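Here is a short briefing on a protein chain. Look over the sequence and the structure first, then read on.

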Amino acid sequence: MKAPSAYAPWLTPLYVGAVQLGAYATARLPARERAELLRAHSTNVDNLRAGRWRTLATSAVFVERPLPVPYGLALLAALGTAEAAWGTRRAAGMFAAGHIGASVLVYGGLRAARALSHDAVTPDTERAVDVGASYGFYATVGALAVSVPHRGARAAATAGVLALGVGPVLARRRDFTDMGHLTALLLGMGVAAAFKVRHRVAVPLRLPSPAAPRGRGTADPRGRSTADPRGRRTAALLRRRAAAPRRRPFRTGPQAA
């Protein structure tokens with residue numbers, strides 16, 4: 001990967017700004033129309049069971065209410081850091097993997113719980129409004145924690161984000177979105193760890209070769225130079241002189257016969 005300064009994040013402020021402007025626009029709608037609009041773009045059981053898979057994409061650009069300032073700043077910081085470190089395409093892919101993956105897994109869990117017990121998942125839960133950027137946000141935060149270079153800081157960051165995801169799941173007043181946040185967090189951490197292992201395998205360790213003296217070439221076992229063109233020409237000339245037959249010296253006088 002390139003250095004973090006090699007990428008200028010542009011998609012993050014555009015996305016967060018669009019989500020916030022859309023939230024202010026939907027907030028001006030009547031309550032009934034606003035609820036129907038949000039429910040139509042939710043990744044709830046009713047929509048996915050009916051084959052409305054487009055909600056896996058559209059749910060990421062709708063929120064129930066305008067983003068609070070602390071949450072909006074945290075979203076900008078996390079997504080912007082990921083885009084600056086990994087590039088726009090990889091950061092968007094991580095966000096999409098967390099958002100779509102967690103939505104599908106939560107849907108599968110709710111369907112399985114409904115099949116086991118009708119009391120476990122109520123009709124209100126199946127029609128619940130489930131929109132927003134939180135799944136992608138949690139996946140990006142988990143991936144950033146695993147990608148911290150220093151081992152000690154990486155362990156602390158990983159433990160911190162795990163506590164952030166596990167805490168609401170263990171609380172008494174929890175819902176399926178809390179499990180979705182933890183699922184997205186684990187997805188981001190797993191994808192980032194897999195990319196790190198793949199990068200280590202694909203790029204083997206190479207020892208630096210000793211630098212040749214400046215202005216001179218290094219010769220191979222045949223005496224050929226491998227660095228400097230002058231050295232190659234000199235070696236070729238020496239080989240030709242060594243291979244040429246030696247001439248007898250010309251002498252004058254009685255000894256010449």
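The protein chain exposes about 17200 Å², and carbon and sulfur atoms supply 61% of that area. Accessible areas come from the Shrake-Rupley method with a 1.4 Å probe; for residues, only the protein chains shown count as cover. This is a predicted model: local features need pLDDT of at least 70, side-chain atom pairs count only at pLDDT 80 or more, and totals for chains, interfaces and linings use all residues. Residues are numbered from 1 along each chain as its sequence is written, and side-chain values use heavy atoms, with hydrogens and water left out.

**Fold**
- The chain has eleven helices and zero strands. Helices (H or I, at least four residues) and strands (E, at least two) are DSSP runs, numbered from the N terminus.
- Contact means heavy atoms within 4.5 Å. Among contacts between residues at least 6 apart in sequence, 73% join residues at least 24 apart.

**Burial**
- Of the 257 residues, 32% count as buried. Buried means under 20% relative accessible area, exposed over 50%, partly exposed in between (1.4 Å probe, protein chains only).

**Gln 20**
- Gln 20 sits in helix 1, which spans residues 11–27.
- Its relative accessible area is 18%, so Gln 20 is buried.
- Leaving aside neighbours within four places in sequence, Gln 20 contacts Pro 66 and Leu 67.
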